[in-house]
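Look at the sequence and the 3D structure shown here. The briefing that follows goes through them topic by topic.

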Amino acid sequence: MASGKSGVGFTLFAGWLIDGTGRPPRRNLRLEIAGGIVREIHEFPRTQASPQTPHGVLDARDCTVIPTLVDSHVHLAFDGFASAGAALSPDAAEARMRQNAARLISHGVLSVRDAGDAQGLGLAFARKSAGSGPLRVLSAGQAFHRPGRYGAILGRALSPGVSPAAALEAEVQGRQAVKVVNSGLNSLVAFGRETAPQFSAEELAALVRSSALGGLAVMVHANGIEPVARAVLAGVRSIEHGFFMGRENLAALADAAVFWVPTLVPIHVCAERAPAGSREALVARRTLDHQLEQLSRARRLGVKVALGTDAGSPGVLHGDAVVEEMRLLMEAGFSVGEAVAAASAVGAELCGFQGGGLRPGAEASLLVLEGGPEEIPSSLRRIRRIFLAGEELSLRQ
Ligand SMILES: [Zn+2]
């Protein structure tokens, strides 16, 4: 096999290729890779015997090749086990985030958007690790919320009278993205109970404008009709969660090309973990089913859906959750090609990452998965090889 060093070329024979654009898997393709870039993609004959020149050739004819993955909603400071929000020493936080990064990479996730924590640990990690490790991180740092409302574990409260735009002004340098919490959490007692928005449409619009001046995109935690409607009206980049947003909001997302990150795994975990037959289990299951219906509609409308897991939330493990989130997207009717797109090219577009698609001229960042496309997503637990910009990563962590 090729050394995999970027700059050194090699030929990859793929049994199947899913390119990240949303189109179906294609059979028997030969990728020419050089300088960290996919130079050419050609079909090769089904009858072709084993490649003639073993040097510089990777034979993956029994495998499916897909782009490296993007998880567009994680919390690097939390690990899914310890109680989120408990203050950590800098060393403990660093060790935990390194471990989370290793788990992500071993599942083929090479880019993440960090959706914040109260101490701004994810942003500190993103700044420190920039360029030094394989994981690419875009962090929202501390999210804004109103005092007494949900969001304390994700950021800081803005006193009444302090607008998010004014709060951002003081710290626009050093930020990579902006996050606002504009609703509460899903109720596990009353199905679909909507919480009041935390900010006005005008406040959100002013924040979007000042963020844009600093080159920053705004992501909004919002469940329910009114919290989502205000965010869409304000021109935000993405809606996070978006449970119970309703049909009009879904149509508005499609019209305005606002991204949606539906984070299915945490509510699935709630449904699985609550005592069988309990009210909590029932409400969580109905909430998940409702979200799957919304997703199915979003797919028909052409909403840009990016995969995000909320990894770090209770019971939601970094890396592993991507497999489950992809399975749930497919349960909502996404084809395997569409699910891979949500987990690669769409996420890369949302977050501004390189890679995310496999076409001539694109970065050669790809996963070699055992078996055919029908084994996705479970084959993400059996990744044979990972390449980042043409360079092979060791799978031994
Ligand atoms: Zn989150």
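Just after helix 9, glycine 333 takes a positive phi of about 110°. Helices (H or I, at least four residues) and strands (E, at least two) are DSSP runs, numbered from the N terminus. The model is predicted: local features need pLDDT of at least 70, side-chain atom pairs count only at pLDDT 80 or more, and totals for chains, interfaces and linings use all residues. Residue numbers start from 1 along each chain as its sequence is written.

**Helix 9**

- Helix 9 covers residues 320-331, and its twelve residues should span 16 Å at 1.5 Å a residue; the end C-alpha atoms are 17 Å apart, which agrees. The expected span is 1.5 Å times one less than the number of residues.
- The buried residues of helix 9 are Ala321, Val322, Val323, Glu325, Met326, Leu328 and Leu329. A residue is buried if 20 or more other C-beta atoms lie within 10 Å of its own, exposed if 12 or fewer, and partly exposed in between, with C-beta atoms placed from the backbone.
- The cover over these buried residues includes strand 5 (69-74), strand 6 (109-114), helix 7 (265-273), helix 8 (279-301) and helix 10 (336-342).

**The largest nonpolar core**

- The largest nonpolar core has 119 residues, and Val180 and Ala342 touch the most other members. Such a core is a set of buried Ala, Val, Leu, Ile, Met, Phe, Trp, Tyr and Cys residues joined through C-beta atoms within 7 Å.
- Helix 9 gives the most to this core, with six residues.
- At least three residues of this core come from each of domain 1 (10-67 + 356-393) and domain 2 (69-351).
- Not counting residues up to four places away in sequence, valine 180 touches Ala143, Phe144, Pro164, Phe199, Leu204, Leu207, Val218 and Val220. Two residues are in contact if their C-beta atoms, placed from the backbone, lie within 7 Å.

**Two domains**

- The domain assignment gives domain 1 (10-67 + 356-393) and domain 2 (69-351); domain bounds come from an automatic or database domain assignment.
- Their C-alpha centres lie 30 Å apart.
- The contact takes 23 residues from domain 1 and 20 residues from domain 2.
- On the side of domain 1 that touches domain 2, strand 4 (57-67) and strand 15 (383-388) are the elements that give two or more residues. Strand 15 gives the most, with three residues.

**Strands 6 and 7**

- Strand 6 and strand 7 run parallel and are joined by four bridges; two strands pair if DSSP finds at least two bridges between them.
- Serine 139 in strand 7 is the bridge partner of aspartate 114.
- Strand 7 (residues 136-139) is covered on both faces, with Arg136 and Leu138 buried on one side and Val137 and Ser139 buried on the other. In a regular strand the side chains alternate between the two faces of the sheet.

**Two single residues**

- Glycine 347 is found in helix 11 (residues 345-351). Glycine 347 is buried because 30 other C-beta atoms lie within 10 Å.
- Leaving aside neighbours within four places in sequence, glycine 347 is in contact with Val70, Ser72, Ala306, Leu307 and Gly356.
- Threonine 11 is found in strand 1 (residues 10-17). Threonine 11 counts as partly exposed, with 19 C-beta neighbours inside 10 Å.
- Not counting residues up to four places away in sequence, threonine 11 touches Arg30, Glu32, Gly56 and Val57.
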